[in-house]
Amino acid sequence: MNNKNKESGRALAIVPAYNEEATIESVVQEILKKVPGIDVCVVDDGSTDSTRMRAQRSGAIVISHPLNMGIGVAVQTGFMYAVHHKYDRAVQVDGDGQHDPVFIPAMMSLLAKGEADVVSGSRFLDKGGYKSSFLRRIGIWFFEIMNRVLIGQRISDSTSGFRAFSRPAIEFLADDYPEDYPEPEVVIILKKAGFRIKEVPVVMRERQGGRSSIRGFKPFHYMVKVILAILIQSLKGDKR
Amino acid sequence: MKPIQIFVFCASLGLLIIILELVRRGKLKERFALLWLFSAAVLIVFSIWGSLLEILARILGIYYAPSVLLPVVIFFAVILFIYFSVIVSRQSEQLKNLAQKIALLEAELREKTSD
């Protein structure tokens with residue numbers, strides 16, 4: 001299963017997917033093609049379409065939630081799988097084709113060199129590519145300020161779901177991972193637990209299928225929930 | 001007894017019977033029934049002992065006795081809602097753990113049988 005990998009150790013790509021039948025196969029195949037030696041684990045979050053069948057067909061390990069539990073739970077299930085099957089590194093990749101796997105080897109090698117425990121792909125460190133909607137950029141800018149104040153580090157893209165994790169970070173997050181709109185909160189949790197986070201520039205594509213999980217009235221709910229969660233997290237004290 | 005007292009007494013008794021019947025049919029668990037049984041009991045006490053409200057009002061310094069009920073009812077309702085929110089949170093956590101466990105076990109089972 002794992003042939004040659006530049007760095008020693010096994011790597012797992014965790015792809016949370018909820019009704020992503022249009023893109024899931026090409027996402028899995030692109031990862032397998034561009035990242036030699038990686039295993040792909042699709043966490044089907046109770047999809048009602050053919051996501052599960054297509055993911056299995058494309059050569060991924062498929063874990064299917066019996067119910068739709070939300071993206072945070074899906075990612076956590078992926079971490080649990082990675083812990084149980086003793087993977088050394090894991091990278092989270094969205095199921096809608098926004099994330100180009102071509103960046104994964106570079107992210108992984110930062111982990112392997114021990115330069116960081118978590119490597120997060122940021123679309124704002126470099127020019128070009130899809131920068132997301134105006135409203136979302138305002139939200140991201142707001143989180144940037146919040147992060148500076150709370151954890152003293154500049155995180156330019158805290159809503160990024162394109163992240164690579166070292167084994168200790170995987171174990172830590174398999175235990176406790178925020179359920180809805182998890183990305184900005186995870187940054188705080190990890191930082192408070194003493195993990196080193198490093199951002200690398202990536203180019204994101206516009207989604208190739210499906211719909212954003214944040215639409216309608218949800219942006220407002222998103223901001224309130226995330227701000228509240230971040231404040232609560234920073235009140236909780238250190239976990240590790 | 002004033003007519004209103006008889007009415008309240010009958011209504012409270014009705015409430016008590018409905019709760020007991022729900023428990024008996026297994027539609028309401030005993031642990032949740034306790035709070036409701038308690039509230040029904042309190043209502044019955046108030047309907048029988050008419051001057052209790054006035055005594056309470058005098059202690060609390062409230063001129064119009066029936067307005068004692070309002071803060072008491074709101075207080076109980078708020079406690080109940082918080083209690084239910086806690087239960088809902090606990091259940092969704094349990095549900096999450098269960099769903100993840102099933103998903104992982106199923107994936108493992110498939111791996112084993114495909115070998």
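Trainee: Let me start with one side chain: does B:E21 count as buried, partly exposed or exposed?

Mentor: Keep in mind that this is a predicted model. B:E21 has 25% relative accessibility, so it counts as partly exposed.

Trainee: Which residue does B:E21 pair with in a salt bridge?

Mentor: The general idea goes like this: side chains of opposite charge can pair when their charged atoms come close. Here the partner is B:R24, with the closest N and O atoms 2.8 Å apart. B:R24 itself is exposed, at a relative accessible area of 64%.

Trainee: Where do B:E21 and B:R24 sit relative to each other?

Mentor: Both belong to helix α1 (residues 3-24) of chain B, and being three residues apart there puts about one helical turn between them.

Trainee: Which residues are joined into one network by salt bridges that share partners?

Mentor: That would be A:E30, A:K34, A:D100 and A:R205. Take one link from it: A:R205 and A:E30 meet in a salt bridge at 3.1 Å, N to O. A:R205 is in the loop between β7 (197-201) and α8 (218-236) of chain A, while A:E30 is in helix α1 (residues 24-34) of chain A, so the pair ties together parts that are 175 residues apart in sequence. As for accessibility, A:E30 counts as buried at 18%, whereas A:R205 is partly exposed at 23%.

Trainee: How many residues apart in sequence are the parts that A:E144 and A:R154 tie together?

Mentor: Ten: A:E144 lies in helix α5 (residues 134-151) of chain A and A:R154 in the loop between α5 and β6 (163-166). Their closest N and O atoms are 2.9 Å apart. A:E144 is buried, with a relative accessible area of 12%, and A:R154 is partly exposed, at 43%. Over all chains, the rule counts 18 salt bridges.

Trainee: On to the interface. How many salt bridges cross between chain A and chain B?

Mentor: One. The partners are B:E106 and A:R52, with 3.3 Å between the closest N and O atoms.

Trainee: Last one: why is chain B described as more spread out than a compact globule?

Mentor: First, the architecture: chain B has four helices and zero strands. Its radius of gyration is 23 Å, well over the 13 Å the rule gives for 115 residues, so chain B is more spread out than a compact globule. The C-alpha trace spans about 80 × 30 × 15 Å along its principal axes. Buried residues make up 20% of the chain's 115 residues. Among its contacts between residues at least 6 apart in sequence, 53% join residues at least 24 apart.

Terms used: Residues numbered from 1 in each chain as written. Chains lettered and ligands numbered in written order. Predicted model: local features only at pLDDT ≥ 70, side-chain atom pairs only at ≥ 80, totals over all residues. Heavy atoms only, no water. Salt bridge = Lys/Arg side-chain N within 4 Å of Asp/Glu carboxyl O. Helix = DSSP H or I, 4+ residues; strand = E, 2+ residues; numbered from the N terminus. Rg over C-alpha atoms; globule rule 2.2 N^0.38 Å. Buried < 20%, exposed > 50% of the residue type's maximum accessible area, 1.4 Å probe, protein only. Contact = heavy atoms within 4.5 Å.
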